[in-house]
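Hello,

Here is the structure we talked about. Please open it and keep it in view while you read my notes.

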Amino acid sequence: MTRHRRSGSHGTQPTTPTAQLSFAVTIHSASNIPNVDLASHYVGLHAYVVVELVDGARWVSAKTGVHPASGNPVWDETIQLAGPVDSLDVDRLRFRFRLMDRDKFTSDNAIGSAVIPLADL
């Protein structure tokens with residue numbers, strides 16, 4: 001399929017669709033999350049996961065819903081990550097997972113992270 005875009009009064013020029021790379025990542029659960037919020041006990045912990053697909057610099061990201069008040073949250077959520085392949089260094093592609101604590105009145109706290117090279121999957 002060829003798409004067209006307008007080019008001023010000169011009519012249209014054909015453009016080719018950008019190739020897309022997409023992944024479905026399922027986040028199941030976390031266990032024994034430490035309380036990083038010193039002002040509260042698990043009552044204030046609101047955990048969520050940020051999933052990023054990176055190739056040296058951050059490329060595309062998505063996050064789970066917030067799971068309130070638990071040191072052992074279960075999300076069972078599938079996240080879709082997709083974006084253009086243009087200029088991606090596939091050999092450097094990796095998933096970065098960041099476990100976060102949502103805070104209402106201050107910045108969210110990072111609890112932990114992990115990086116998995118796509119080549120290892």
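A salt bridge here is a side-chain nitrogen of Lys or Arg within 4 Å of a carboxyl oxygen of Asp or Glu. Asp108 and Arg102 form one, at 3.8 Å from N to O. Keep in mind that this is a predicted model. Asp108 is partly exposed, at 24% relative accessible area. Arg102 is partly exposed too, at 30%.

The whole structure has three salt bridges. Arg96 pairs with Glu52, with the closest N and O atoms 2.8 Å apart. Arg96 sits in strand S8 and Glu52 in strand S4, so this pair ties together parts 44 residues apart in sequence. Glu52 also meets Arg98, at 3.5 Å from N to O. That pair spans 46 residues, again from strand S8 to strand S4. Glu52 is buried, at 2% relative accessible area. Arg96 is partly exposed at 28%, and Arg98 is partly exposed at 27%.

Now look at Asp101, in strand S8. What does its side chain reach? The answer is the backbone nitrogen of His46, at 2.8 Å. Asp101 is buried but has no salt bridge. Arg102 is the nearest side chain of opposite charge, 7.8 Å away.

Last, the largest pocket. Its volume is about 210 Å³. It is lined by 13 residues, and Ile27, Ser29, Val49, Phe97 and Leu99 are the closest to its centre. Strands S3, S8 and S9 each give two or more residues to the lining. S3 gives the most, with four. By class, the lining has eight nonpolar, four polar and one charged residues.

Best wishes

How values were computed
Residues are numbered from 1 along each chain as its sequence is written. This is a predicted model: local features need pLDDT of at least 70, side-chain atom pairs count only at pLDDT 80 or more; totals for chains, interfaces and linings use all residues. Side-chain values use heavy atoms; hydrogens and water are left out. On a 1 Å grid over the protein atoms alone, a cavity is a set of points where a 1.4 Å probe fits but cannot get out, and a pocket is an open set with protein on both sides within 12 Å along at least five of seven lines; lining residues have an atom within 4 Å of a point. Grid points are joined across faces, edges and corners, and a volume is the space filled by probe spheres set on the points. Ala, Val, Leu, Ile, Met, Phe, Trp, Tyr, Cys and Pro count as nonpolar, Asp, Glu, Lys and Arg as charged, and the others, Gly among them, as polar. Buried means under 20% relative accessible area, exposed over 50%, partly exposed in between (1.4 Å probe, protein chains only). Lys and Arg count as positive and Asp and Glu as negative; His and the chain ends are not counted. A polar contact is a pair of N or O atoms within 3.5 Å; within protein, one must be able to donate a hydrogen and the other to accept it, and residues adjacent in sequence count only if both atoms are side-chain atoms.
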